[in-house]
Amino acid sequence: MKILTGNDLRTGQVTWWTGQGWSIHVEDAVDVGDQADAIAAREEGARRVNVPYAINAEIDEKGGVRPAHIKDRIRALGPTVRPDLTLKPADPEAGNWVI
Amino acid sequence: MYRYDKYDQAMVDARVAEFRDQARRRLEGKMTEDQFKPLRLQNGLYLQLHAYMLRVAVPYGTLNAQQMHMLADIADKYDRGYGHFTTRQNIQYNWIKLEDTADILADLAKVEMHAIQTSGNCIRNISSDQYAGAAADELIDPRPYAELLRQWSSFHPEFLALPRKFKICVIASETDRAAMKLHDIGIRIVKNDAGEIGAAFYVGGGMGRTPMIAPLIREFVPLDQLITYAEACLRVYNRYGRRDNKFKARIKILVHELGKEEYARQVEEEFAHLLTQDIEPPLAELERIKEYFADPAFEAGASDEIDLSDPDFALWVKNNCHAHKQPGYITATISLKPVGGIPGDASAAQMHLMAELGKEYSFDEMRVTHAQNIVLPHVKKADLYTLWQKLDEAGLGAANLDSIEDIIACPGLDYCSLANARSIPVAQKISERFAGNGKTETLGELKLKISGCINACGHHHAGHIGILGVDKKGLENYQLLLGGCEGEDTSLGKITGPGFTEDGIVDAVDKAADVYLAQRQEGERFLDTYRRIGMDPFKEAIYG
Ligand code: SF4
């Protein structure tokens with residue numbers, strides 16, 4: 001599947017396209033099919049996202065969305081060396097998901 | 001240390017106001033990202049993996065307590081309570097919001113700091129010896145010249161759109177503690193046979209994808225022609241440096257392709273022309289700058305005695321302290337490399353503490369080192385034990401300077417959008433391995449440096465042991481290099497062979513360390529043994 005990601009213009013926070021808007025949780029990302037460029041252009045024009053781009057992803061065994069490349073998995077989680085600053089500070093296994 | 005005059009302050013304040021307006025226009029949609037990006041980069045604002053990243057310049061690594069307190073306040077108020085000291089003697093914040101950035105720059109301006117020219121194809125922050133003005137072995141204090149170069153290069157209209165970024169380093173001792181020959185221009189202040197002081201210019205060094213050691217271009221430039229000669233070096237580069245290919249645009253490629261003799265000839269020609277133009281700053285300006293770098297009020301007759309009866313303290317003194325030019329004083333380095341920690345990271349609380357200790361024990365002065373540590377340059381030996389106790393209590397007492405635990409690591413794939421692999425977890429595992437197996441102290445000086453990609457911000461080419469993160473079919477992989485060095489005998493590391501996984505690279509480093517321990521001769525460091533026995537014994541042990 002193809003999902004769309006970018007950063008929030010104001011805060012720089014990593015965001016994922018949910019079909020209706022932008023979420024900081026990769027689990028909310030939806031398959032954009034061949035619509036990535038159109039959505040990206042529209043959303044960037046409206047300043048709801050900065051530098052959006054489409055990436056490959058898959059649904060993992062737990063039903064979650066898993067970006068294909070480690071860089072985007074780290075973007076989705078947060079820095080692996082500071083679990084306290086990730087989106088899943090209470091999950092000791094969260095870092096393994098990245099690898 | 002240098003303090004802004006009204007011109008410095010006016011320039012920085014004007015830049016803050018300008019950026020505030022630019023950011024507002026971007027947020028209001030009056031500028032596209034393509035239009036805004038070069039403007040934010042000129043103010044040190046990158047877009048990284050998790051947020052915007054702001055790189056703040058620490059001129060030649062020198063800062064006072066008020067500035068360090070402000071860096072801590074910014075970490076608390078606008079970031080997530082910490083900052084990352086870099087190999088360019090700067091500090092980076094990882095979680096910055098665009099909407100806050102102008103306020104941060106305004107706060108920085110209040111303490112005579114900024115983020116100007118910390119990115120882009122311009123002359124970056126001037127780097128220097130972290131022991132400048134304190135070291136027993138220096139000829140003179142290089143910082144007035146670093147400051148003169150800072151003023152000359154700030155907003156220099158001719159050099160704001162160079163073919164590529166440009167890094168200058170100034171040192172004034174035989175021992176090179178600043179990787180001088182791995183800069184675009186490395187300047188060593190020297191004395192000639194007639195006893196005059198001048199500057200030796202090394203031009204065309206650098207790391208990155210094509211590492212090169214800067215060749216000596218001119219042995220002696222009179223100090224009252226320093227800026228003129230630097231301008232000539234830059235002019236030749238600006239004219240002929242390649243703009244068609246980003247990967248061949250650094251001055252090292254130009255010097256290499258022309259040959260150092262031809263490059264030097266062209267510089268001489270330009271230099272002769274510039275001498276007729278009288279561009280050197282007036283001597284009075286240099287004298288004005290020098291006054292800011294006068295020695296602090298050292299106590300005459302201070303005792304040289306240090307009570308070393310506490311073995312932990314004695315180890316810290318042995319490893320982390322350096323001889324001072326003034327009797328009764330010593331230079332102390334605070335290691336930002338606790339076992340298993342993140343190299344170069346400091347929390348706001350730690351920054352506040354270092355600021356307080358710098359004020360109380362080091363004449364209100366601190367230095368950031370290219371090895372990502374903090375120096376208190378002028379500590380009275382009589383105060384050293386108390387200082388160490390306070391550091392140790394706060395987890396800042398690691399006695400591991402220049403050891404295998406004192407690892408340089410770039411932010412890598414945990415933070416950097418250009419990275420191929422993570423650097424920090426590798427550094428953490430190596431420091432834990434060696435702290436655990438007890439070999440650190442036995443190994444002695446062993447500089448290990450890790451970069452998360454070929455850009456080499458972690459100086460892997462110059463590590464006695466270097467590690468380079470690469471992308472191997474979507475997986476993190478690590479190449480091992482041996483034999484690099486950034487000192488006066490600068491050398492570039494060589495790749496041992498096929499790369500390793502994250503755990504594999506830790507084992508490989510351990511095996512390389514064991515080869516050294518087995519083969520070393522009296523007085524040899526890891527690097528000396530490697531240079532004597534060569535790569536093969538290491539390869540056999542690692543891949544055998
Ligand atoms: S070396 Fe590469 S990964 Fe590391 S900070 Fe520099 S650009 Fe980023």
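Reader: Which side chain makes a polar contact with the side chain of R143(B)?

Author: This is a predicted model. In it, the two side chains come to 2.9 Å in a polar contact. They also meet in a salt bridge, N to O. The partner of R143(B) is E365(B).

Reader: How many salt bridges does the rule find across the interface of domain 2 of chain B and domain 3 of chain B?

Author: Domain 2 covers 142-290 and domain 3 covers 311-393 in the domain assignment of chain B. R143(B) and E365(B) meet in a salt bridge. Across this interface of chain B, the rule finds one.

Reader: What area do domain 2 of chain B and domain 3 of chain B bury between them?

Author: Four residues of domain 2 of chain B are in contact with four residues of domain 3 of chain B. On domain 2 of chain B, R143(B), R177(B) and A179(B) supply 92% of the area buried against domain 3 of chain B. Carbon and sulfur atoms carry 41% of the area between the two domains, and the total is about 270 Å².

Reader: Is R143(B) buried or exposed?

Author: R143(B) is found in helix α5 (residues 143-153) of chain B. Beyond its neighbours within four places in sequence, R143(B) is in contact with residues including Y60(B), F293(B) and R367(B). The cut-off for buried is under 20% relative accessible area. R143(B) has 4%, so R143(B) counts as buried.

Reader: What distance separates the centres of domain 2 of chain B and domain 3 of chain B?

Author: Two residue pairs are in polar contact between these domains of chain B. Their centres are taken over C-alpha atoms, and the separation is 32 Å.

How values were computed
Residues are numbered from 1 along each chain as its sequence is written. Chains are lettered from A and ligands numbered from 1 in the order in which they are written. This is a predicted model: local features need pLDDT of at least 70, side-chain atom pairs count only at pLDDT 80 or more; totals for chains, interfaces and linings use all residues. Side-chain values use heavy atoms; hydrogens and water are left out. Domain bounds come from an automatic or database domain assignment. Contact means heavy atoms within 4.5 Å. Buried area is the accessible area (1.4 Å probe) that two parts lose on being put together, summed over both. A salt bridge is a side-chain nitrogen of Lys or Arg within 4 Å of a carboxyl oxygen of Asp or Glu. A polar contact is a pair of N or O atoms within 3.5 Å; within protein, one must be able to donate a hydrogen and the other to accept it, and residues adjacent in sequence count only if both atoms are side-chain atoms. Helices (H or I, at least four residues) and strands (E, at least two) are DSSP runs, numbered from the N terminus. Buried means under 20% relative accessible area, exposed over 50%, partly exposed in between (1.4 Å probe, protein chains only).
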